[in-house]
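Good morning, colleagues. Please look at the sequence and the structure as I speak.

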Amino acid sequence: MFDVTSQFPNLPYMPGVGYKPQHFSEITNNPGSVGWLEIHAENYMGHGGRPLAQLRHLAERFPISVHGVGLSIGGEGALDADHLSRLKHLVEWLKPTVFSEHLAWSTHEGAFFNDLLPLPYTNATLDHVCAHINQVQDTLQRQMMLENPSSYLAFDDSTWCEPEFLREVTKRTGCGLLLDVNNVFVSATNLDYNPRDYITAYPLDQVGEIHLGGHDEDQDDFGKPLLIDSHGREVVDPVWALLDFTLDLCGPRPVLIEWDTDVPEWAILSAEVDRAARALSKVVA
Amino acid sequence: MTITQSQFRTAMLDASTDIPKGLLDAQGRDAGRRFNVYRNNVAVSLTDALETGFPVIAKLIGQENFRAIAGVFLRQHPPASPVMMFYGAEFPAFLRNFEPLQHLGYLGDVAKVEMALRHAYHAEDAQAIAPDALAQISPEDLPNIRMSIAPSVQVLSSPWPIYDLWAYNSIEGHPKPQAGAQDMLITRVEFDPLPHLLPSGSVEFIAALRGNATLSEATEQTTKTYADFDLGAVLGLLLTGNAITSITHEDSQ
């Protein structure tokens, strides 16, 4: 029934957009600067109907990045075997250009919490994260990318800093990395460090994709800014500046605009995509 | 100190429990309300998912009540899988047994309708038979045919007027529900599930077809209980709803 064969071996060094079904006609008829699309794996794990028909159609025209939000790579327990086999099924028929997931946990003892929950950066965490990534890569028979999280707090037992933790994961598993520049900005603000230092320390040679999204602002108990990764608004100027800083260091990369809640009309999202295109056009390969 | 994911989960779902020790801000102070970001994300995202999945229930009890009740439900029944399109399978039974809603006995069955609409939407695609395919069969073969029903087809039966309750809250100008039992059929011609009111006996008839009965066996079985069973009406609904995917018949003996 499904015989999409991807003719796209790599994501182009162009802006992509997180695909929302309400934008199907606009993206199909007038994609503007959009060079590729990202979908959330879990939204395409039904058995048929409109979602899969739209995806089949889009995959003939655009390189597709499949982004998982439910594998719980950082879970203490075993990966959900049923979920992994659903993912394998999706990846086998769609043949996406890339697959990525998060450095986080979301499932515990059979319950899924629909959020990306934080991990202490310890040797024990490193061991089970790497074991899970190996299992995913062996099952899917392809390399995956792992994304840096947004942090709201720190664990007192962490012994690794995040960029070094991620570097070690790539060394042990051969996985690639996804760098979410907004997550860096959110975490750096929340945990009081310099986002440029983080990016300079990040294993940029392993980065196959960059994410950008909007965040909300709140305050902690002491009145300090607490940024929340909501994907519900425009990317803020300091994050665009951090993108420029990143691209200057690593050269052009596929850059994704994510907007998942209060999704706007296409014109607004498309303007964000154009801004990413301008940022990319300033960078020399 | 290592915080287990069990401890994290418990504190996240129950705001009356203490935040686990060992979660800090940048100055090494207790994380405090920073932990509430997770409490909030989980509760809000699961509540939103339920509200999206059960819009008629939200309309019937009001958004504020719905969100309060969803908060109770999601703690008792967090999703068993990351495939959120099917989240809420236990919601109909939960509503039926939820003490403060006992006076609204129909809520559980209406929630079942909304769940069935989602299953129809995401069901496997299937090619329907041509609209005139039945007419092509010779009269002597007709009683012996067996029909397969599309995976998207959903059938519901209730002592409550479920079709009118659903339609009154979904279709502009649909008349107010009157007391009485109703059966429903959901078909999907291409991508959009379409609910219909089913005439009496049709639930048994479709179940018999799905159980591989021939047309005459299914009809006989149904008319035993429902003398007024209208075969033409239900076949019409199934044919126009692209609900029949194949017809087979053995050669007449």
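This is a predicted model: local features need pLDDT of at least 70, side-chain atom pairs count only at pLDDT 80 or more; totals for chains, interfaces and linings use all residues.

For a disulfide, the two cysteine sulfur atoms must lie within 2.5 Å. Let us take Cys175(A) as a case. The closest cysteine sulfur belongs to Cys130(A), and because the two sulfurs are 7.5 Å apart, they are too far from each other for a bond. Cys250(A) is likewise in no disulfide; its nearest cysteine sulfur, in Cys175(A), is 17 Å away.

Are these cysteines buried or exposed? Cys175(A) has a relative accessible area of 0% and is therefore buried. Cys250(A), at 15% relative accessibility, also counts as buried, since the limit for that class is under 20%.

I now come to the backbone. Most residues other than glycine have a negative phi. In chain A, Gln141(A) sits in the loop that joins helix H4 (123-140) to strand S7 (145-147). With a relative accessibility of 67%, Gln141(A) counts as exposed.

Asp192(A) also has a positive phi, near 60 degrees, and is not a glycine. Its place in chain A is the loop between helix H6 (181-190) and helix H7 (195-201). The relative accessible area of Asp192(A) is 44%, so this residue is classed as partly exposed.

Thank you for your attention.

Methods
Residues are numbered from 1 along each chain as its sequence is written. Chains are lettered from A and ligands numbered from 1 in the order in which they are written. Side-chain values use heavy atoms; hydrogens and water are left out. Buried means under 20% relative accessible area, exposed over 50%, partly exposed in between (1.4 Å probe, protein chains only). Helices (H or I, at least four residues) and strands (E, at least two) are DSSP runs, numbered from the N terminus.
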